[in-house]
Structures are given as structure tokens and as C-alpha cells.
Amino acid sequence: MPHYQLTLPDGRAVHIRINHEALTISIAELLVYTFDLAGRLYGLFDHDVNVRRGLDGRMLARWRDANHQRARRWLDESETEAIMTRMRQDVTSVVGAFRMQGQDNRDNDVAKSMTLKVMQHALAFDYETDVQRFRHIYRPISILPPDQYQALVLQATEGCSFNTCTFCALYRDRPFRIKTPEEFATHISEVISFFGPGISMRRSIFLADANALVIPQRRLLPFMEQISHVFHLVPAEAPPSMRYKWLRQNPLAKQGVFAFVDGLSAERKDIEAFQELRQFGLRRVYIGLESGHEPLLAWLQKPSTAADMVDAVQRMKRAGLNIGVIVLLGVGGRSFAEGHVRDTATALNAMPLDGGDIIYFSPFQPDPAAPYLRIAQQAGIELPSSAFMEQQRHQILSALTLPPPPNGPKRVPYNLADFVY
Ligand code: SF4
């Protein structure tokens with residue numbers, strides 16, 4: 001990876017690195033900016049604070065508090081503006097120093113001119129127009145699984161085909177619909193044009209919205225076909241060394257297609273249907289189990305039962321897909337706690353999860369726009385504390401009989417509040 005070392009006129013040391021995905025500028029080792037190759041600011045580390053800029057222009061700051069707990073907050077407009085102003089001043093100084101002192105330890109002129117070009121793009125980048133274009137091309141991207149935050153989202157559908165779950169308001173702002181093949185083709189070309197050279201930073205394709213795999217197979221396959229014509233998807237069996245090479249060679253090379261599914265929609269697809277989707281590049285499917293406890297799922301008005309979801313995971317695994325299973329911690333409070341812990345562990349243990357799979361533990365955060373708070377209050381169900389949710393996570397983990405990684409599924413946290421796209 002080309003690496004340049006400079007000194008700014010005020011004495012601060014600068015390190016610049018560029019690869020096929022991003023440009024990073026580190027100033028005095030305390031401030032690190034990351035840009036995609038279109039020059040679009042992706043985020044920064046400022047001392048111990050990690051700030052991620054969303055494509056809608058908002059910025060989320062995350063840090064560890066005095067008790068080493070994760071903390072986060074959205075920055076207000078004046079803070080966002082201040083960051084952009086300082087970024088432009090810093091990049092201007094860095095470009096000046098780079099022109100004066102730019103030394104490539106491999107004397108690589110191509111990398112050097114590429115580095116300068118991305119920094120110039122960063123200075124000239126029109127963020128206002130970019131945000132407008134983003135809002136025109138996309139409906140709000142409500143959530144992604146944590147390992148897909150850097151995906152290229154393609155919205156084959158809009159909204160959720162159910163919108164019944166009492167704890168969820170992620171897609172209540174839009175009616176469910178499936179795009180026509182023509183609309184989807186236009187969407188893909190608009191997305192590619194929007195990201196420009198920055199598309200290389202997006203490693204995979206996430207087929208959105210909430211449960212894109214609800215699309216009937218005869219309509220879904222042409223969408224998958226369009227994707228595999230436009231993008232160069234890494235073959236499923238490619239070894240890690242080949243994957244990296246593949247991604248480096250072409251900005252449209254992606255690790256595969258990823259999507260959410262709900263238990264009911266998965267019910268409508270058999271093993272052969274999932275195998276077909278895998279052949280077209282589907283790699284991992286994310287399913288919101290939330291709980292294995294049927295009375296709790298019914299109370300939450302989930303569209304599918306735990307038994308449906310276990311069955312769906314078994315079929316998807318047999319089709320060769322990787323799975324992400326999402327467990328909601330604390331939902332249903334103490335009233336449901338015993339059954340939630342016991343039956344969730346039972347459901348997870350009944351899933352043939354292996355080293356390619358992930359179990360996500362998501363602490364429940366009530367959304368005021370969802371009916372949950374009102375319904376829970378009527379039922380006398382209290383809101384879960386962090387300690388209570390942490391205790392549930394431990395209880396479920398200790399009841400798992402699945403092997404630990406690398407042979408068994410990874411167990412990872414999934415905090416919805418960390419999501420930025
Ligand atoms: S939890 Fe999933 S299925 Fe339920 S309303 Fe939200 S997006 Fe739809």
C-alpha cells in the first residue's frame with residue numbers, strides 16, 4: 001500500500017495511505033480522516049472519538065465513556081459543519097505539503113497522482129448535491145446487519161411486506177412494493193453513477209429493504225441476474241487470497257449478495273430455490289429470530305413462529321448459504337424472560353450453524369414510533385435495563401451447545417444505534 005510521510009508547516013507529522021478502497025490521512029497520529037476514492041469523507045478518528053459520516057450528511061460520534069462503556073450521539077448541524085471546515089483546512093495544508101515534499105517510498109508515480117487526485121476531489125467535493133442525489137436514489141436505508149454497514153445497498157423492494165411487529169418502526173414510513181425489472185435496472189445504474197470511484201469501498205451488495213427475499217422466485221431471479229451481469233461477484237468457493245485479489249482488480253467486484261429474510265417468506269422457498277439464489281451470488285441471509293419463545297413472538301406480532309425460522313435456517317444451510325440470526329435481548333421484560341432465554345437457546349441449538357454463520361445479540365431499544373411501549377405499559381411490562389439484557393445474553397450463551405468459532409457461529413453484538421449508512 002503506497003504510504004507517504006510529510007510534515008506540515010506547523011510541524012505536525014502526516015501519513016497518507018491509499019489502496020483500492022480508500023485514502024486515509026493521519027495527522028499527528030491523533031486525527032485520521034478516511035475518504036472513498038471519489039473524495040467523499042467517510043469518517044474520522046479524532047483522538048478517542050470515532051465519527052462516521054452517513055451519505056445523508058449526518059454524523060454519528062462514538063467513543064468509550066469513563067466506565068469504558070460504548071457511548072454515541074448524533075452531531076448537530078453546527079458540529080458537522082465545524083468538522084467539514086476543519087477537514088477542508090487540513091486537506092488544503094496536506095495537499096500543499098504533498099506537492100512540496102511528496103515522496104513515494106516505491107517511487108510510484110501512478111499511486112502518487114492518484115493520491116493527489118483523491119485529495120483534490122476531497123477539497124472540491126459538493127456535499128450538498130451529493131446528499132440530494134442520495135435522497136433521490138434511495139428510500140431511507142433503515143438498518144443493515146453490522147457486517148454489511150459498508151455494503152452497496154440496492155433496493156429491489158421498498159419497505160417491509162408485514163410491518164406488523166410491535167417493536168419495529170423501521171419501515172412504517174413507506175408502503176411495501178417490489179420494483180419492476182426496469183426500475184431496478186435504472187436504480188442500479190443510478191447507484192453506480194452516484195458512488196463513482198467511491199464504489200470500490202463498498203465490498204458487498206445488500207439487497208434491501210426489510211425482506212427482499214419475499215419477492216417471488218420468478219421475479220427475484222431476474223433481479224439477481226441483473227446484479228450478476230453488472231457486478232463481478234467473487235465465486236463462493238474462492239480462497240481468501242483470491243477474494244482480496246478479485247476485489248482489488250475491479251471497482252465493481254463484490255463479495256456477493258446479502259439480504260434479510262423473514263420466516264414466512266423463507267417458508268415459500270425450498271432448498272432448490274435457495275440453491276438457485278446461491279448460484280446467482282447470494283451468500284448470507286439474515287433472519288430476525290428475536291426469540292425462540294412462541295408466546296413472546298405471538299405477543300410481538302412477529303409474522304412467523306420460531307419453528308418456521310428454525311426450519312427456514314435448516315433449508316438455507318442445506319442450500320449452502322451462510323446465516324445471520326438476530327436475537328433481541330430484553331424484549332418482553334421479566335414477564336417473558338424465562339421462556340425467552342430457554343427457548344431462544346433451544347431454537348439456536350436446533351439450527352445447524354457453523355463457522356460461516358453469525359448470531360447477533362441486539363439489545364432492545366424501544367422505538368417511540370412503534371406500538372411496543374404502549375402495549376407493554378398496558379401489560380405492565382417494564383423496560384429492560386442494560387444489566388438485565390447483558391444477563392440474558394450470558395444466559396443464552398451459556399445454554400448454547402453449538403461449537404465456538406471457528407467451527408461454530410460467531411457471537412457478536414448488534415446495536416441498532418451504531419448504524420450509519
Ligand atoms: S421486524 Fe422485520 S418483519 Fe417485523 S415489521 Fe420490522 S422489518 Fe418487518
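**Entry 1: the second largest cavity**

I began with the second largest cavity, which holds about 40 Å³ of space. The model I am reading is a predicted one. I listed the residues around the second largest cavity: H20, E21, S200, R202, R203, L247, N250, P251, A253 and K254. I then sorted this lining by class and got three nonpolar, three polar and four charged residues.

**Entry 2: the largest cavity**

I asked how many cavities of 30 Å³ or more the count gives. The count comes to three. For the largest cavity I noted a volume of about 60 Å³. Its lining is made up of D36, R40, L41, Y42, R52, R53, L55, G198, M201 and R202. Two elements give two or more residues to this lining, β5 (41-46) and β6 (49-53). By class I wrote down four nonpolar residues, one polar residue and five charged residues for the largest cavity. R202 is in my list for the largest cavity, and R202 is also in my list for the second largest cavity.

Next I turned from cavities to a pocket. The second largest pocket has a volume of about 870 Å³. It is lined by 27 residues, and those closest to its centre are R70, R72, P413, N415 and D418. I looked up which elements give two or more residues to this lining, and they are β7 (59-64), β8 (70-74), β18 (358-363), α13 (386-399) and β19 (410-413). The largest share, five residues, comes from α13. Sorted by class, the lining of the second largest pocket has twelve nonpolar, six polar and nine charged residues.

I put the domain question to this pocket as well. The second largest pocket lies between domain 1 (3-125) and domain 2 (138-418), because both give residues to its lining.

**Entry 3: around the ligand**

I wrote down the residues that surround the ligand: C160, N163, T164, C165, F167, C168, Y171 and A210. How many charged residues does the shell around the ligand have? The shell has no charged residues, with six nonpolar and two polar ones.

**Entry 4: one lysine**

I picked out K302, which sits in the loop between α9 (294-299) and α10 (306-318). Is K302 buried or exposed? Its relative accessibility is 17%, and buried means under 20%, so K302 counts as buried. I also checked K302 against G288, which is 14 residues away along the chain. The C-alpha atoms of K302 and G288 are separated by 9.5 Å.

**Entry 5: the whole chain**

Last, I looked at the chain as a whole. I found 13 helices and 19 strands in its secondary structure. The C-alpha trace spans about 70 × 50 × 40 Å along its principal axes. Of the 421 residues in the chain, 54% count as buried.

Notes. Residues are numbered from 1 along each chain as its sequence is written. This is a predicted model: local features need pLDDT of at least 70, side-chain atom pairs count only at pLDDT 80 or more; totals for chains, interfaces and linings use all residues. Side-chain values use heavy atoms; hydrogens and water are left out. On a 1 Å grid over the protein atoms alone, a cavity is a set of points where a 1.4 Å probe fits but cannot get out, and a pocket is an open set with protein on both sides within 12 Å along at least five of seven lines; lining residues have an atom within 4 Å of a point. Grid points are joined across faces, edges and corners, and a volume is the space filled by probe spheres set on the points. Helices (H or I, at least four residues) and strands (E, at least two) are DSSP runs, numbered from the N terminus. Ala, Val, Leu, Ile, Met, Phe, Trp, Tyr, Cys and Pro count as nonpolar, Asp, Glu, Lys and Arg as charged, and the others, Gly among them, as polar. Domain bounds come from an automatic or database domain assignment. A residue is near a molecule or strand if one of its heavy atoms lies within 4 Å of it. Buried means under 20% relative accessible area, exposed over 50%, partly exposed in between (1.4 Å probe, protein chains only).
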